[in-house]
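Let's take a quick tour of a structure, one topic at a time. Have a look at it first, then read on.

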Amino acid sequence: MSNPAEQFRRSLVIAKKNIKIYYLKGPVIIFGLVFPLFLALAYIIGRNIPLEEVLPGLIGMTTFFTATSVGPSIVPWETRSKTLERLLCCPIALWTIIFGDMVSSFLFGLVISVIPLLYVLTLNIELLNFIVLLFSLIIANFCFSALSVLLSAYPPTDIPATSQMLSSLVKFPLVFISGVFISVEQLPEWGRIIASFSPLTYFTDLTRQLILEKGYYPLALDLVMIVIFAVIFSLAAIKLHEKTLTKRLS
Amino acid sequence: MESAITVQNLTKHFGDVTAVDHINFSVKKGEIFGFLGPNGAGKTTTIRILTGLLKPDGGTASIIGYDVLRNPIEAKQCIGVVPEVSNAYIDLSAWENLILIGRLYGVSSHKLKENTTKLLKDFGLYEVKDKLVRGFSKGMKQKLLLCMALVNDPEVLFLDEPTSGLDVESTRLLREKITQYNRDGKTVFLSTHNMEEANQLCHRIAIINHGKIAAIDTPENLRAQSMELQYIEVLFDKQVNIQEISKNPNISKASFAGNRIRVYTANPSAVIEFLVEFAKQKRLHILSLNTMMPSLEDVFIKLIKEKEVMPV
């Protein structure tokens with residue numbers, strides 16, 4: 001009953017429920033679709049840059065915004081509607097719920113971030129390694145999803161808009177320091193140091209290497225760092241949600 | 001008889017407030033156990049600990065032998081919960097809510113569809129099974145919550161104010177279903193304000209106040225413990241001076257209840273004799289005379305008041 005495989009199966013049930021309920025919620029559409037779309041348009045239109053130069057940042061930004069759009073809302077929403085209590089009365093661990101939230105956030109990001117990837121394929125842009133790009137896209141999506149669920153843990157609010165707003169406070173600065181608009185090597189020294197603490201830096205750097213064959217970090221380091229961030233964010237999300245649960249339920 | 005729920009020295013503090021204060025009780029398998037208390041007495045906190053929503057600060061609690069702290073998943077696998085506030089997913093249909101909960105309990109697909117269909121039909125929700133819960137009335141939501149609590153066929157059912165705010169028909173249906181479920185040998189833990197409900201449904205009742213258990217017994221025994229609360233209601237054909245009746249040493253208190261006189265006594269037979277004699281002397285006719293046992297509500301108020309005046 002409490003074995004991890006069974007709990008994992010139950011987390012997929014949670015994810016399926018989230019997909020049905022939250023994918024079409026206003027904040028998810030705004031932060032996950034409308035916002036990255038307009039940011040991408042603002043980034044592309046009026047700039048005389050070849051498409052290949054734009055694509056790494058575009059893929060990074062789309063992946064980051066879409067994968068982090070569902071996560072911040074779920075727990076506050078479920079706290080408000082008391083459905084979190086309903087889930088916690090079921091024979092599932094808290095990590096099962098949190099992991100289910102990450103999976104639903106991950107799938108949303110993955111589906112949407114495939115669009116710029118398809119664009120790459122349609123334009124016949126030469127890639128260093130498509131499989132690595134696909135793999136890193138999956139890992140990065142999971143990493144950003146875990147970050148978004150982590151951001152919903154504190155403060156333990158029951159107002160989804162508050163959680164979205166606070167997560168935006170973290171997300172926006174990250175986009176600007178992670179080599180999306182300016183590559184890492186063009187950043188000043190202090191900027192490069194700050195950028196090294198962002199998971200998005202490594203994903204953008206990785207896509208830049210695969211599309212433009214130029215990057216700041218070694219390819220393997222980019223991949224390893226994304227995996228490390230994914231693990232840290234996942235564990236931190238579970239721990240922080242455990243810590244704030246009593247306050248959330250009171 | 002084996003215990004379905006065992007609670008020992010259970011304690012929970014919220015800051016300086018002790019919500020649950022070293023309480024002890026056990027609920028036998030197949031029993032309907034009532035949990036009564038005024039607002040803020042500790043009822044919901046106790047249920048939240050037993051259903052895994054809160055961690056106690058002290059003491060232990062187990063369900064079907066599983067410690068709620070050490071084996072929470074196993075303990076929760078045996079229970080169904082109907083909370084005080086509706087918490088079905090309003091953006092899902094009734095059918096989807098039941099399937100979701102069933103899957104979270106690991107009920108097999110075939111069994112789950114069978115249970116879901118049966119429950120929705122039993123509770124008169126089958127016709128609206130594909131409608132979003134958002135459009136359901138309070139009664140329909142409450143029925144759905146009970147369906148959700150029963151979909152895994154639990155050993156123990158926790159109900160927190162299940163009929164609060166419901167119309168008579170829905171209340172009756174829910175009570176019938178709870179009784180029916182209990183007849184199948186299942187255990188029910190019922191938290192309620194409703195004395196009549198507790199009296200009608202429960203085999204035993206615990207009264208909790210200020211986080212402490214004031215009494216645990218059958219409704220009959222609880223009433224019998226408060227025999228001084230039994231009373232006689234008498235109706236004479238003419239007005240009488242109540243002061244003259246109050247003088248009788250067997251009468252602890254006399255008051256008007258509409259046009260009747262209500263006299264409280266621990267010795268009803270002596271008081272009946274006195275009232276008959278009194279009527280003869282005053283040339284009155286007794287139109288009606290009833291001996292009333294104390295209601296559970298009387299016992300409840302007495303116990304709560306006793307605890308409140310007890311020195312700390």
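Start with Thr62(A): setting aside its neighbours within four places in sequence, Thr62(A) is in contact (heavy atoms within 4.5 Å) with Ile112(A), Ser113(A) and Pro116(A). Bear in mind that this is a predicted model, where local features need pLDDT of at least 70, side-chain atom pairs count only at pLDDT 80 or more, and totals for chains, interfaces and linings use all residues. Residues are numbered from 1 along each chain as its sequence is written, chains are lettered from A and ligands numbered from 1 in the order written, and side-chain values use heavy atoms, leaving out hydrogens and water.

**More on Thr62(A)**
- Thr62(A) sits in helix H3 (residues 51–67) of chain A; helices here are DSSP runs (H or I, at least four residues), numbered from the N terminus.
- Thr62(A) counts as buried because its relative accessibility is 12%; buried means under 20% relative accessible area with a 1.4 Å probe, protein chains only.
- A polar atom of the Thr62(A) side chain lies 2.5 Å from the backbone oxygen of Leu58(A).

**Where chain A meets chain B**
- Chain A puts 28 residues into the contact and chain B puts in 27 residues.
- About 2,500 Å² is buried between the two chains, with carbon and sulfur atoms giving 65% of that; this is the accessible area (1.4 Å probe) lost on putting the two parts together, summed over both.
- There are 3 salt bridges between chain A and chain B, each being a side-chain nitrogen of Lys or Arg within 4 Å of a carboxyl oxygen of Asp or Glu.
- Arg48(B) makes a salt bridge with Glu85(A), with the closest N and O atoms 3.3 Å apart.
- On the side of chain A that touches chain B, helix H1 (4–22), helix H5 (83–89) and helix H11 (219–249) each supply at least two residues.
- H1(A) gives the most to that side, with 10 residues.

**A covered helix in chain B**
- Helix H1 (residues 43–50) of chain B has 7 of its 8 residues buried.
- Among those buried residues are Lys43(B), Ile47(B) and Arg48(B).
- Just after H1(B), Gly52(B) takes a positive phi of about 85°.

**Inside the protein**
- In soluble globular proteins, nonpolar side chains tend to be buried together.

Terms used. Buried means under 20% relative accessible area, exposed over 50%, partly exposed in between (1.4 Å probe, protein chains only). A polar contact is a pair of N or O atoms within 3.5 Å; within protein, one must be able to donate a hydrogen and the other to accept it, and residues adjacent in sequence count only if both atoms are side-chain atoms.
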